[in-house]
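Have the viewer open as you read.

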2 protein chains.
Amino acid sequence: MGTLPELFPEILSKGRRNVPKDLSLEDIARLSGVSRSTVSRVINDQPYVSQKNREKVLRIIREHNFQPNLAARALASQRSRVIGVLIPHDVSDLFADPFFPILLKGITLASNELGYGVTLWLSTVRNHHRSFYDSVFNESLIDGLIIASATFDETFLKWLSNFRKPSVFVGAAPSSMPNVSFVDVDNRNGGFMATRHLLDIGCHRIGMIEGRQKQSSSDQRREGYIEALEKADIPIDPELIIPHGNYTESGGYEAMKRLLVRDVDGVFAASDIMALGAMRAIREAGLRVPQDIAVIGFDGVPYGAISNPPLSTISQPIDLLGEETARTLVYVLDNDVPHALYKILPVALVVRESTSRMVD
Amino acid sequence: MGTLPELFPEILSKGRRNVPKDLSLEDIARLSGVSRSTVSRVINDQPYVSQKNREKVLRIIREHNFQPNLAARALASQRSRVIGVLIPHDVSDLFADPFFPILLKGITLASNELGYGVTLWLSTVRNHHRSFYDSVFNESLIDGLIIASATFDETFLKWLSNFRKPSVFVGAAPSSMPNVSFVDVDNRNGGFMATRHLLDIGCHRIGMIEGRQKQSSSDQRREGYIEALEKADIPIDPELIIPHGNYTESGGYEAMKRLLVRDVDGVFAASDIMALGAMRAIREAGLRVPQDIAVIGFDGVPYGAISNPPLSTISQPIDLLGEETARTLVYVLDNDVPHALYKILPVALVVRESTSRMVD
DNA sequence: AATATATATGGGAACGCTCCCAGAATTGTT
DNA sequence: AACAATTCTGGGAGCGTTCCCATATATATT
């Protein structure tokens, strides 16, 4: 790649610098005929300002479109009103799955509404090392951290142990950190409901495609699957549980190929993306969904609704998951909560054509 | 909704506050036996520090895991090394489309690598008004702005006219701002290639589904479509151009229904999502893709590759679009460029089954 | 009317850096 | 050896807030 200037085919003229200086608190104070302190009280909605002065200051602020300087505020108050969102592993194909984007949307909307900004830090293979966390993700500008990940490596855990600000995990926290706040969905119950639904429509040999083993979301979904089968007095066949779907379409596809030779009539995939891959494998084998094999996913991503056939799923309130995570963190920040908090959100069964076989 | 405490089923114990105070520049200076100024020079990689002192300071910094306070830095230097990403319209279903998330990933990765943080601001119907921009999106903590949007309303444009920091648009800037930096893809050429490809495989009556009229990306794609037909001496039939696909699946579906009665044998949709909707309509009408109607989209989103049938498309380098946008903004910030810059990125034809009819 | 109490106001210090400038130490030049 | 040029170093001022404290003013209580 060349230097940047040569990458630009044309240069249009428009200066952007030498802008007039912003007004400061002091300026507003002078203009309103009060002191800096009074203006500060007005801005922060504090008591001990006379009605008359408050209105006057507010008017001047509005007239001059005054914005307090956040850097100065952060420096003086030791709070930035910014929260960080960190994904502590490679994100190369993370954004192909709508889960994270929707989560991020929820986090950002809720944070913005609570008066917090959100800053995002992503890791790639090439910057994934301690100094990424240390130098780029500088603690001093964020008040707290939301950690969105399902897997945690050593580098990250070591770094995190020195991180001294409140943090909240989306999904389960690492097992090495039992006393940390998190917000999660009811994975186990979701696995149960999915499997129960397949049984209800008449499936007898139900396979499961796991995301990744030793990953709590996937493990809990499997537990739900097993529980549903056990309650129905169906023996668990380990051959029907394929561990490594990797939460990818091709992972689901490969896993399904292995299930096809084991003659299943229903499949529960631990994510919608894997379910889509599974349906592709079924189609290529010349079988039909749901007539020959019923398929249900997990997540409730928008694409499931428009796939061919539309995909039944356990829908997670992903938006809400993000929002609740943000609210939890902000709550901790604004109230100086000395404990870890957690919250489990419910999931819901969404029935579409991919399991419509025997339901009337 | 109840108050937050009651939303949490259980409270685990772990204090988080009263953390020890961070070290400051001054502390590092004292520990290294030099002055604050020297430490500052080391941190900022400036000259005029003896080799001996530089190493010593660096060692102390590493030993104590010192992180300069960004708020203080921002206040003193008037630069925060944070850039903002703003989506100035309702994002409710924006994240259903992978375009934006992938863009955001590109922006964030490139920014992080250049030492900048990214903060994200989203708007919803309920917070979309002037004070959202004024009060939440406070200028003082960002050095510049990336504006990712295809449509601009009055509220936003008015606000933007007062925004005095460098900004770069993703996609075309509003027509009212001719002299502003932007990074875009070659939409016109993409429209041309898509249409040319449909002609190449033998289509004669080619419909187009637009995203939204008066939106430069969609308009340019249509221009390319028209150019390709004209060069092939095929008269333009305005009946075959459906203006309001809205870049949604259902929009594409409805648009296709209108094209079906006009007997097309090929369709160019201005986005992949709309193309998927179009394929659904074709399927429901009992016709086959590509045998009866060939379909090509625009974007190159991951889902196109796994749809049924896999979707041909004009693939945009979305990652790169985000990265280049961030690099452009950072370049402007770091070099005090007094002009607007722009860059057009190339697109590529990706042939999959949805147009595989007559190719051998 | 005198005093206690609550409310209101302003100024100083601090937050932790950067930047400028004065001066010291080192190196180069005649 | 004397001086100029260059490299290096430290201290002061300033960035625009918040927070604390001293003091002034209004209100309530006897």
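In β5(B), B:F169 is the bridge partner of B:I147. That bridge belongs to a parallel pairing between β4(B) and strand β5 (residues 167-170) of chain B, which runs over four bridges. Two strands pair here if DSSP finds at least two bridges between them, and the strands themselves are DSSP runs (E, at least two residues), with helices being runs of H or I of at least four residues, both numbered from the N terminus.

This is a predicted model, so local features need pLDDT of at least 70 and side-chain atom pairs count only at pLDDT 80 or more, while totals for chains, interfaces and linings use all residues. Residues are numbered from 1 along each chain as its sequence is written, chains are lettered from A and ligands numbered from 1 in the order in which they are written, and side-chain values use heavy atoms, with hydrogens and water left out.

Back to β4 (residues 144-148) of chain B: five of its five residues are buried, so the strand is largely enclosed by the rest of the structure. Buried means under 20% relative accessible area, exposed means over 50%, and partly exposed is in between (1.4 Å probe, protein chains only). B:G144, B:I146 and B:A148 point one way from the strand, and B:L145 and B:I147 point the other way. In a regular strand the side chains alternate between the two faces of the sheet.

**Sheet and fold in chain A**

Chain A has 14 helices and 13 strands, and buried residues make up 55% of its 360 residues. Take the contacts (heavy atoms within 4.5 Å) in chain A between residues at least 6 apart in sequence: 71% of them join residues at least 24 apart.

An open sheet of six strands in chain A is ordered β8-β7-β9-β10-β11-β13, with mixed pairing. Its edge strands are β8 (241-242) and β13 (348-350) of chain A, each pairing on one side only. Inside that order, β9 (residues 266-269) and β10 (residues 294-299) of chain A pair in the parallel sense over three bridges, with A:V267 standing opposite A:V295.

Over in chain B, strand β9 (residues 266-269) holds B:G266. B:G266 and B:L199 are 67 residues apart along the chain, yet their C-alpha atoms are separated by 8.6 Å. Leaving aside neighbours within four places in sequence, the contacts of B:G266 are B:L198, B:C203, B:R205, B:I206, B:G207, B:I293 and B:A294.

**Cores**

A nonpolar core here is a set of buried Ala, Val, Leu, Ile, Met, Phe, Trp, Tyr and Cys residues joined through side-chain atoms within 4.5 Å. The largest one has 139 residues, and A:M256 and B:M256 touch the most other members. Not counting residues up to four places away in sequence, A:M256 touches A:I209, A:V264, A:V267, A:A278, A:A281, A:I282 and A:I293. A second, separate core of 41 residues includes A:L160, A:V180, B:L70 and B:L145.

**Cavities**

A cavity is a set of points, on a 1 Å grid over the protein atoms alone, where a 1.4 Å probe fits but cannot get out; lining residues have an atom within 4 Å of a point. Of the 17 residues lining the largest cavity, A:I306, A:S307, A:N308, B:S307 and B:N308 lie nearest its centre. The elements giving two or more residues to that lining are α12 (272-284) and α13 (302-306) of chain A, together with α12 (272-284) and α13 (302-306) of chain B.

Most residues other than glycine have a negative phi, and most peptide bonds are trans. These spots go the other way:

| Site | Feature | Value |
|---|---|---|
| A:V289 and A:P290 | cis peptide bond | omega about 5° |
| A:N308 and A:P309 | cis peptide bond | omega about -5° |
| A:Y48 | positive phi | near 70° |
| B:Q78 | positive phi | about 60° |

A:P290 is in the loop between α12 and β10 of chain A, while A:P309 is in the loop between α13 and β11 (312-315) of chain A. A:Y48 is exposed, with a relative accessible area of 78%, and B:Q78 also counts as exposed, at 54%.

Terms used. 1 Å grid on protein atoms, 1.4 Å probe; cavity = no way out; pocket = protein on both sides within 12 Å on 5 of 7 lines; lining within 4 Å.
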